[in-house]
2 protein chains.
Amino acid sequence: MTGLPKSVMIFEEGPREGFQVEKGPIATDDKVRLIDALSETGVKHIQVGSFVDPRRVPGMADVHDVVKRMKVVPGVEYSALWMNERGLRSALEYPQLSVDGKLRLYPSETFLKTNMGRTPEQHAQKNVELIALCRNLNVPVKQASLSSAFGCNFQGDISTDLLVRLVQDTLELTRANGVELDELIVTDTMAWATPEAVRHVVGIMQEKFPTLEIRLHLHDTRGLGLANAYAGLLMGVRLFDSSVAGLGGCPFAKHKGAAGNICTEDFVLMCEEMGIATGINLEAMLAAASIAEEVVGHAVPGHTVKAGSLSEIRARAKAATGR
Amino acid sequence: MTGLPKSVMIFEEGPREGFQVEKGPIATDDKVRLIDALSETGVKHIQVGSFVDPRRVPGMADVHDVVKRMKVVPGVEYSALWMNERGLRSALEYPQLSVDGKLRLYPSETFLKTNMGRTPEQHAQKNVELIALCRNLNVPVKQASLSSAFGCNFQGDISTDLLVRLVQDTLELTRANGVELDELIVTDTMAWATPEAVRHVVGIMQEKFPTLEIRLHLHDTRGLGLANAYAGLLMGVRLFDSSVAGLGGCPFAKHKGAAGNICTEDFVLMCEEMGIATGINLEAMLAAASIAEEVVGHAVPGHTVKAGSLSEIRARAKAATGR
């Protein structure tokens, strides 16, 4: 029960998650403004966009300009999403980006088949090709992500046996291809997770794969995001993806399929108030969240950006009561 | 760590919390419609309104009509809030209401002084008078509520020593006045709680006051509501206040001081998905939440009312995969 980590590492995904789903065109300058504000918060990792087909994701059409114009702050790692060789080669054009290969694992065979037209064997072969590509381009491969680890809208509940087998197979496949993974991103893509499911799945992964550090990627679609994150903390998880202002989908706009990640500043507040260091200045992150709200032009899912943090209130109360 | 209860009892406060803070006048018929929908969800306790000064809380001016018109479903307990003898006598006019006395405890002396103009001693005296009044009117007194148990905007952090002393003193006072309390409502009035604080405070209260069952009243002002509720579940807490659709303040409207309780249907989903029985039909509660959204006329904080529950998705996936 006292498994809480002393500190956590937050991977900020707001710019990528947010700019990807927003309908209105967002000016490149505004995107850069948000990224630059995030760079000043103390967060150490920022995913700034995606190198993907602009016809499919118009919101990412200006990703080259965003990367060129953003201010690079020493000590901050900037990354971008890519899905194929073309995207990878684009990312590699920019020395300011940290580029590595991530193996995507799909426990849901139905999703694989329906949405990607592949059998599990064909997908494993794609991952072998990805490893070869990364080796040719000198790109490290250290992570695997487990999609829809808690349930899938197409396949339903996902058994932990299936998850274990898939990770086990992947570890064998990577070792056979000269790659040693060190991180497993457990993803609640479709918001099926509950705190108990997080404890269960994370516990099994930690037990079966002690060499893989767990990172949690949680969505707040059904309001359980921070409860699930807390369950992860109880299991000693130290790595979390999150999104400033909860960008990545505005549930208020009925974007059913696209509700955002857990909200960075709400998560920072929760951690810091519980004595878990985030390395992030909450007030600076709240300022970035206000910029995010301005930039997307509508109410955002984050709570603390409306309610305010406790530090100022605490200081005021202290001054008033003299305690 | 395995302290999860097998079932929880939910006290629905949406009608009272919601109608109290909404600016726009809500038609009495709409209020009744929401209460009637809630009565069909399986929830066993509904707080339908407040008998308070209509000049101070105009949204409650029609509470008499609401109580007269609502459909009384057997097995459901209906209650109303009251703050003084006049309100209590009004509530007692209605046999369809369950009426009891609640002692309000304020660990924050600053709040007591600033907002109520009383010293702790004067407030204790008020509670003695309340007990006498309830005895005269044959109204049971079983509960005490601990306001701002996790922190107060006026006083800052609240020490658990202070909480223990206050509850101890109250138990002595009630016993001396012939009253035996059996429930302690631990309230996060100003949204200072974190999951760790909930575990800490609840743990101490359980240890020091084993005859008092803990009820949690949590607000979601900073997005930590369900994480805090989960922490309560981990401590075996069985009683929770919550509010359909998260009524009680719309954070999106910058009602800074008035963010709602935890959202009933999101909490029901979390519990049921973790195998904790709520006695509530989630789909019926989602229907009530949709009515709530319609009635207040703006987006509500609840998530599942937008995203949908998992049962239908799960059934569809099952049918499609034949598993």
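In which sense do strand 2 and strand 3 of chain B pair, and over how many bridges? The legends below refer to a predicted model.

**View 1. Pairing of strand 2 and strand 3 in chain B.** Strand 2 of chain B covers residues 45-51, and strand 3 of chain B covers residues 77-82. The two pair in the parallel sense, over 6 bridges. Look for Ser50(B): opposite stands Leu81(B), in strand 3 of chain B.

**View 2. A β-α-β unit in chain B.** Strand 2 of chain B, helix 3 of chain B and strand 3 of chain B make up this unit. Helix 3 spans residues 63-69. The unit is right-handed.

**View 3. The contact between chain A and chain B.** Chain A brings 44 residues and chain B brings 43 residues. On the chain A side, five elements of chain A give two or more residues: helix 8 (195-208), helix 9 (225-234), helix 10 (264-273), helix 12 (304-307) and helix 13 (311-321). Helix 13 of chain A gives the most, with 5 residues. By class, the chain A side divides into 21 nonpolar, 11 polar and 12 charged residues.

**View 4. The rotation axis relating chain A and chain B.** Ala227(A) comes closest to the rotation axis among the residues of chain A, with its C-alpha at 1.8 Å. Both copies use the same surface: 98% of the contact residues of chain A recur in chain B.

Technical notes: Residues are numbered from 1 along each chain as its sequence is written. Chains are lettered from A and ligands numbered from 1 in the order in which they are written. This is a predicted model: local features need pLDDT of at least 70, side-chain atom pairs count only at pLDDT 80 or more; totals for chains, interfaces and linings use all residues. Two residues are in contact if their C-beta atoms, placed from the backbone, lie within 7 Å. Helices (H or I, at least four residues) and strands (E, at least two) are DSSP runs, numbered from the N terminus. Ala, Val, Leu, Ile, Met, Phe, Trp, Tyr, Cys and Pro count as nonpolar, Asp, Glu, Lys and Arg as charged, and the others, Gly among them, as polar. Copies are superposed by least squares on the C-alpha atoms of residues with pLDDT of at least 70 in both. Two strands pair if DSSP finds at least two bridges between them. A crossover is right-handed if, with the strands pointing away from the viewer, the path from the first strand over the helix to the second runs clockwise.
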